[in-house]
Amino acid sequence: MTVPKADTLDGAAFARAMRSGIHRVISDQDDLNRINVFPVADGETGTNLSLSLGALLPLLDQPDTQRLGPLLVLIADGLLDSARGNSGAIMAQFFQGLGDAAGEQDHFTPQTFGAAVALGSDYARDALSEPREGTILSVIGAFADALQKGADGSFPALFDAALPAVETALGNTTGQLEALRKAGVVDAGAKGFVDWLRGVHEYVTAGRIAPRPDLSTLNDGDAIHATVGEADGYAYRYCTECIVSGTDIDRRKLREALAALGDSLVLAGTKRKAKIHIHVNEPEAVFDVGRRYGSVSAEKADDLRRQAHASHASGRHFAVITDSAADIADGDMERLDIHMVPCRIQFGNRGYLDKVSITSREFYAELESNPVHPTTSQPAPGEFRRQFQFLASHFRDVLSINLSGAASGTLEGARSAAARLDAPGRVHIVNSLNASLGQGLLVVFAAECAAAGMRIDRTIERVEALVPETRTFGLLKDLSYAVRGGRIPRWAGLLTDLLRLTPVIRTTPDGRVTPSGFFFGRQNRIRRFVRHLVRRVDTDRPVTLGIGHAACPDDALELERQLREQLPNVRRLTQAELGTALGVHGGPGTLIVAIQPYSEPDPAGDATTDD
């Protein structure tokens, strides 16, 4: 144990104090999620702060931490990259102020530390378009005031005097905001800052670093659910974030342009790098504004309504999540609270979050008009990890059903994220060996099992039994888009056009997408596609069908009509707009059909119940 000096705080000591504070926040993340009601009751403040601050831990391990000023610059810049949610962005701006105040100093004295915290408090308040008392701003301000009053003492004396004042300010938040008063809780972001300060206090006064918690035990036993707030009725649906990088960002004008789009705006950073956090209904509008001031990266848009439903869920032992390669009807997504990690779509230098910042309809319009053929890329493991950590803080288990590992690296990204999570054994990854509607049918069945109260082990057993029996077929108008994307040689496209062939594709049992045949001519393509499908289905067996279309809803309705005529045992049929996983290669006019043996959840079949 290294006891810090009483009158100075150098870079190495500050790094150890930071580590202690971060450990405290991570330890308390479940309770922070539970009491999170402002600005929205999405149950995510603890997860956001843990991810924001936890990303700094490797940086604090670096050996060259003796010089305080450069260390604080690294911390501030690292937090801009990792900051999540309102409180994470505000903390990033707070540390931006500390870094600017420290400059090139090698250490803090009580006086210079007090001045730095005061500047950090000003920076944090200036980052918000509408600063409110009763939030994290109040406790940061109380900390700054307390330090100013006791700046002549030693660091232990300074923190001993400041901590009670900050804890009093935390208690006062309950009466400062109506949402907190109704719920009878303190502000979650404010409590997170106090948690961090308690960890720092422990090191500064006693030389102890609070231990890093074992997150596998934090949410052991019954799932933690938010006890307050409403899941619906938000004015804005998406918690949207991105980073804008430039040479001379006019943050005042950027803030003004963003303020008209939504609420809960936090703009942190510098003239070179700014972090945007805002709640909106149209995430792409935020990214468009950002592009006017620099290059945009790290786009994120979380569905606040779905997160709120998760934090209020009851009777479910696990959550279900997938990637946006799965095509699922909007009604099923809403009804079953299915979570989704978006893939990325890139048209030249313009990027989108699949099904979030660009809809399927917008995608096909862009695909037809843009001479640049798009590329798709899998979500980064960090995006999976962030969502897994949020869901694991509200559910005992998380089930992720992903795009076939033979078609994409998405599955491995999910596995990598699950392996890095401090919750071993609680995130379960299933290879769908499918794509599009087939992947979607497996996800919907798993979510039905969750809603019925089934246990995770029995659900995985049922889902894995359905995987080899779930088949996906696609009818393409031609191969022109597959040729544009480089999936098919140009000569093959020319040959199919010359012979007027209509291609059909399918998924194989090992998860590949391959040709299933061709029709000569392009007349009566739907009728011939139905005949192709019926020959490959046991017509006496009850089935679930999924139909997807790429900007051709009338064709999808005709396909449904003919399938119902030919397959009398269709027990469930859903339609969805076709996404990018297969649509980017098939183009407008593509039709997809997924077929799965009909199955129902059987919670009564669980051998044991959860205590």
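A salt bridge is a side-chain nitrogen of Lys or Arg within 4 Å of a carboxyl oxygen of Asp or Glu. I start from that wording and keep in mind that this is a predicted model.

Entry 1: I looked up arginine 561 and found a salt bridge with glutamate 558, with the closest N and O atoms 2.6 Å apart. That distance is within 4 Å, so the pair counts. Both residues belong to helix H24 (residues 553–566), and they sit 3 residues apart, about one turn of the helix. I then checked accessibility. Arginine 561 has 42% relative accessibility and counts as partly exposed.

**Entry 2: a network.** I noted a set of salt bridges that share partners and join Asp28, Asp31, Arg34, Glu167, Lys191, Asp195 and Arg198 into one network.

Entry 3: Aspartate 303 and arginine 237 meet through their side chains in a salt bridge of 2.8 Å, N to O. The two are 66 residues apart and link distant parts of the chain. I placed aspartate 303 in strand E6 (residues 295–303) and arginine 237 in the loop between helix H11 (188–206) and strand E3 (238–245). Both aspartate 303 and arginine 237 are buried.

Entry 4: Is glutamate 284 buried or exposed? I found it buried, with a relative accessible area of 9%. Its salt-bridge partner is arginine 291, with 2.9 Å between the closest N and O atoms. Arginine 291 counts as partly exposed at 25% relative accessibility.

**Entry 5: the total.** I recorded 45 salt bridges in the structure.

Notes
Residues numbered from 1 in each chain as written. Predicted model: local features only at pLDDT ≥ 70, side-chain atom pairs only at ≥ 80, totals over all residues. Heavy atoms only, no water. Helix = DSSP H or I, 4+ residues; strand = E, 2+ residues; numbered from the N terminus. Buried < 20%, exposed > 50% of the residue type's maximum accessible area, 1.4 Å probe, protein only.
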